Amino acid sequence: AVMLRCQVNQSCRFGAGGGSCCHVWQCWCRLREEEAVWEGGRAGDRAKPNPPAMAQAKINQLKSGEADSKFLRSMSMADRSGRLLETLDELEQRVEALREAAASMEQEKETLLELIQSVQNSQDMRNISDGEREELSLTANRLIGRTLTVAVSVQTIRSAQQEEFLSRATALIDEVVDKLLQDVASAKSRLVALYNACSSEALQGPVNQKFQSIIVGCSLEDQKKIKTRLQKLIRNVCSADRSIALLDQKAAITDWQLQPPPTKCM
């Protein structure tokens with residue numbers, strides 16, 4: 001009604017055109033101004049920040065984020081460390097497999113050389129013609145040369161004490177080998193005693209106690225190599241004994257054939 005009267009009486013402006021209408025208009029305007037101030041105050045109260053509360057919330061957020069980041073980082077480092085450890089374990093297994101394969105190849109090389117030499121020194125080589133023997137010897141030498149072109153070496157990690165024990169054990173074996181041609185039977189007996197000192201099995205025959213105390217100080221890999229070397233030496237000596245026995249037997253047969261027939265008694 002107030003707005004209608006003000007719109008109708010367009011000439012009423014603060015005392016002009018009637019006092020009652022202007023008074024109502026002024027009251028209404030003041031009321032609107034107070035409402036605007038009151039609404040603005042409420043909006044200001046709602047939008048007005050609270051510094052202490054905001055600071056505390058920020059601190060709590062930072063603490064929570066820092067704790068979460070530390071937790072995630074520690075878990076990530078643990079996972080990464082576990083994966084690296086697993087990788088190193090797998091590589092260690094492959095390294096050991098490589099060393100075993102190389103050691104097997106080295107042993108195979110020595111076995112091939114021994115077999116070729118045994119063929120060269122076999123009795124069958126003596127029972128063939130000179131031309132065939134020469135041809136087979138050339139083939140055997142060619143095979144030996146090709147075998148020697150394969151270079152396989154597995155180094156053993158030793159301490160200074162193990163180096164000393166290995167040197168002493170090698171010296172004892174070399175001493176027996178040097179006297180092999182002088183007395184085969186005695187050298188064979190000494191080799192068997194050395195081999196028995198390396199073996200953990202209960203074997204018949206003498207045992208070299210001095211060599212046994214030395215071999216214990218060597219590394220496990222060196223003990224295996226020394227035992228293998230003694231086995232080959234004993235096998236070669238036995239093969240030489242058989243060759244010598246065959247030669248003696250052949251010589252005895254030849255001498256018997258060359259003997260003149262016995263005269264018959266009248």
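Ile173, Glu175 and Val176 in helix H6 meet Ala187, Arg190, Leu191 and Leu194 in helix H7, where contact means heavy atoms within 4.5 Å. The residues of this contact divide into five nonpolar, no polar and two charged. The model is predicted, so local features need pLDDT of at least 70 and side-chain atom pairs count only at pLDDT 80 or more, while totals for chains, interfaces and linings use all residues. Residues are numbered from 1 along each chain as its sequence is written, and side-chain values use heavy atoms, with hydrogens and water left out.

**Chain overview**
- The chain has nine helices and zero strands; helices (H or I, at least four residues) and strands (E, at least two) are DSSP runs numbered from the N terminus.
- Along the sequence the pattern reads α-α-α-α-α-α-α-α-α.
- Of the 266 residues, 18% count as buried (buried is under 20% relative accessible area, exposed over 50%, partly exposed in between, with a 1.4 Å probe and protein chains only).
- Among contacts between residues at least 6 apart in sequence, 59% join residues at least 24 apart.

**Helices H6 and H7**
- The axes of H6 (residues 160–178) and H7 (residues 184–198) come within 9 Å and cross at roughly 160°.
- That angle makes H6 roughly antiparallel to H7 (the term applies over 145 degrees).
- Axes are lines fitted to C-alpha atoms, for helices over the stretch in contact, and angles run from 0 to 180 degrees between N-to-C directions.
- The crossing of H6 and H7 is left-handed, that is, the near helix is turned anticlockwise from the far one by less than a right angle.

**Glu114**
- Glu114 lies in helix H3, which spans residues 51–120.
- Glu114 counts as buried because its relative accessible area is 14%.
- Leaving aside residues up to four places away in sequence, Glu114 touches Lys232, Arg235 and Asn236.
- With Arg235 there is a side chain to side chain polar contact at 3.1 Å (a pair of N or O atoms within 3.5 Å; within protein, one must be able to donate a hydrogen and the other to accept it, and residues adjacent in sequence count only if both atoms are side-chain atoms).

**Arg158**
- Arg158 sits in the loop between helix H5 (130–148) and H6.
- At a relative accessible area of 27%, Arg158 is partly exposed.
- Residues up to four places away in sequence not counted, Arg158 touches Glu163, Leu166 and Asp222.
- Arg158 and Asp222 are 64 residues apart along the chain, and their C-alpha atoms are separated by 9.3 Å.
- The side chains of Arg158 and Asp222 make a polar contact at 2.5 Å.

Conventions
Angles under 35 degrees count as roughly parallel, over 145 as roughly antiparallel, 65 to 115 as roughly perpendicular and the rest as oblique. Ala, Val, Leu, Ile, Met, Phe, Trp, Tyr, Cys and Pro count as nonpolar, Asp, Glu, Lys and Arg as charged, and the others, Gly among them, as polar.
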